[in-house]
Amino acid sequence: MIEATTPCLPSHEELAELVEDVWRSFLDDEIVVGLEAPDDPDRTLMVAWVSITGEWTGHLQVLTTRVGAEGIASAMFQMEPGEVSSEEVADAFGEIANMVGGGVKGMVGVHTALSLPQVVLDSRALISPEAHQHSSIHAIWRGEPLEFSLWERGEKNEKTNQHNGTAVGGV
Amino acid sequence: MYAIVIDDSSAMRMILRRTLSSMGFKVVDAVNGRDALDKLANLDYVPDVALIDWNMPEMDGLTFVQTVRDDPRYRRLSLLMVTTESEQSQIVRALAAGAHEYLIKPFTPDAVAEKLELLGLTTAGSLT
C-alpha cells in the first residue's frame, strides 16, 4: 500500500466492504448494507467508536440497539444472547468499531494512531465537538439496525480526498 | 504445540483460542504485553507461538515484541502480530522490531492457519 501525503478517506463502497469483511470473518454471517436510515430517531442506541489521530483526525462510530450489540457479542462468544454479560457486550461491540476503524486508518494513508475502543450505552450522551460527519452507511443484521459513520475533526478539509478521487471537503 | 494469545479484547481472545484449539494448540491468554510477560515467566515451557495485538493498554504489542526479542529465554518463540494496523509502515515497523509474521484483522481461520504454516508450526489442512 502506498502511503499518501494527503488524507484519503474511504468511499461508501469501501466502508461497506470493510463492514462486510468484519461480519464474514468474525460473525460468520452476512450483513445487509446500503440501506436508508431507519425512521426512528428517538430509539435508544448504543455507540462504539475508535479515534484516529495524527495527520488526519477523526473517529469511526458504530450505532446499534442493545439487542443488536448483544447479538454481536453472542455471535463472537458463541453464547445465547441472554447469556452474555454487559462487559462482554461492550467488549465485542467495541472490537467491531476497532476492526472497522483500523481498516479506515489503513486507508487514510497518512501517519495516524488508533485509540482503544470506547462504548457508551446511550448514543444521546455522546457529543463530538468540532467534528462533522464525513460519511455513513446504514445496515441491518438479524433485524437490528446498524450505522457506521466516519467523522472528521476540525474544519472541513479541502485537501481530504475520497478513494475514488473526489474531493469531499467543503461541500 | 502451545500458543499464547495476547489481546485486550476478550472476544478476540475467544476467537483466536477457538481457532488455535481446532488446530490442536494448547492456549493460554493474556490481556496485554505486561500480563503476557508475567504469564510467560510462570510457565514451565516456552510456547511455540505468540499471537499479539498491537493496541493494548499498559504494554502494547510492539513493546512486547521488542522485549521478548531481547530475551534469550524466548529465542524459539515465534511472534505473530494480529492487528488492525494495516499500513505498510506499521508492518515494516513490527517486522523490524522482531515480529516474524503479520496478520491483519479481520482475518479468517484459514488466514491464521496459513501464517502458522509459514512459521513452520502447522501443515496445510490443519483446521478441524
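Modeller: One term is needed at the outset: contact means heavy atoms within 4.5 Å. In chain B, among the contacts with a separation of 6 or more, 61% come from residues 24 or more positions apart. This is a predicted model, in which local features need pLDDT of at least 70 and side-chain atom pairs count only at pLDDT 80 or more, while totals for chains, interfaces and linings use all residues; side-chain values use heavy atoms, without hydrogens or water. Residues are numbered from 1 along each chain as its sequence is written, with chains lettered from A and ligands numbered from 1 in the order in which they are written.

Biologist: And what is the corresponding share in chain A, for contacts at least 6 apart in sequence?

Modeller: There, 67% join residues at least 24 apart.

Biologist: How many helices and strands does chain B have?

Modeller: Chain B has five helices and five strands, taken as DSSP runs numbered from the N terminus (helices are H or I of at least four residues, strands are E of at least two). Their order along the sequence is β-α-β-α-β-α-β-α-β-α. Its radius of gyration, taken over C-alpha atoms, is 13 Å, close to the 14 Å that the globule rule (2.2 Å times the number of residues to the power 0.38) gives for 128 residues, so chain B is as compact as a globular protein of that length. The C-alpha trace of chain B spans about 35 × 35 × 25 Å along its principal axes.

Biologist: How many does chain A have, then?

Modeller: Chain A has three helices and nine strands, arranged from the N terminus as β-α-β-β-β-α-α-β-β-β-β-β.

Biologist: What percentage of chain A is buried?

Modeller: Buried residues are 51% of the 171 in chain A, and in chain B 57% of the 128 residues count as buried. Buried means under 20% relative accessible area, exposed over 50%, and partly exposed in between (1.4 Å probe, protein chains only).

Biologist: Which residues have the most contacts inside the largest nonpolar core?

Modeller: They are A:Trp23, A:Phe148, B:Phe107 and B:Leu116, in a core of 64 residues. Helix α3 (residues 86–108) of chain A gives the largest share of this core, 10 residues. A second, separate core of 24 residues includes B:Ala50, B:Leu79, B:Met81 and B:Ala94. A core here is a set of buried Ala, Val, Leu, Ile, Met, Phe, Trp, Tyr and Cys residues joined through side-chain atoms within 4.5 Å.

Biologist: What is B:Phe107 in contact with, leaving aside neighbours within four places in sequence?

Modeller: From chain A, A:Ser25 and A:Phe26; from chain B, B:Met12, B:Ile15, B:Leu16, B:Val82 and B:Val112.

Biologist: On to the rings: how many aromatic pairs are there over all chains?

Modeller: Rings of Phe, Tyr and Trp (its six-membered ring) pair if their centres lie within 6.5 Å; planes under 30 degrees apart are stacked, over 60 edge-to-face, and the rest tilted. By this rule there are four pairs over all chains. One of them is edge-to-face, A:Phe26 with B:Phe107, at 4.9 Å centre to centre and 80° between the planes. A:Phe26 lies in helix α1 (residues 12–27) of chain A and B:Phe107 in the loop between β5 (101–104) and α5 (109–118) of chain B, so this pair joins two chains. Both residues, A:Phe26 and B:Phe107, are buried.

Biologist: What of B:Tyr2 and B:Tyr45: how far apart are the ring centres?

Modeller: The centres are 4.2 Å apart with the planes at 35°, so the pair is tilted. The pair links distant parts of the chain, 43 residues apart: B:Tyr2 is in strand β1 (residues 2–6), B:Tyr45 in the loop between α2 (33–42) and β3 (49–52). B:Tyr2 is partly exposed at 31% relative accessible area, and B:Tyr45 is partly exposed at 24%. Elsewhere, ring pairs link A:Trp23, A:Trp141 and A:Phe148 into a cluster.

Biologist: Which residues of α4 (residues 88–97) in chain B are buried?

Modeller: B:Gln90, B:Ile91, B:Ala94 and B:Ala97 are buried. They cover an arc of only 130° around the axis, which puts them on the same side of α4(B); the arc is that of the directions from the helix axis to the C-beta atoms. Their cover includes α3 of chain A together with α3 (61–69), β4 (78–83) and β5 of chain B.

Biologist: Finally, α2 of chain A: how many of its 12 residues are buried?

Modeller: Nine are buried, and α2(A) is mostly covered. Among the buried residues are A:Gly68, A:Ile72 and A:Phe77. A:Gln78 follows α2(A) with a positive phi, near 55°.
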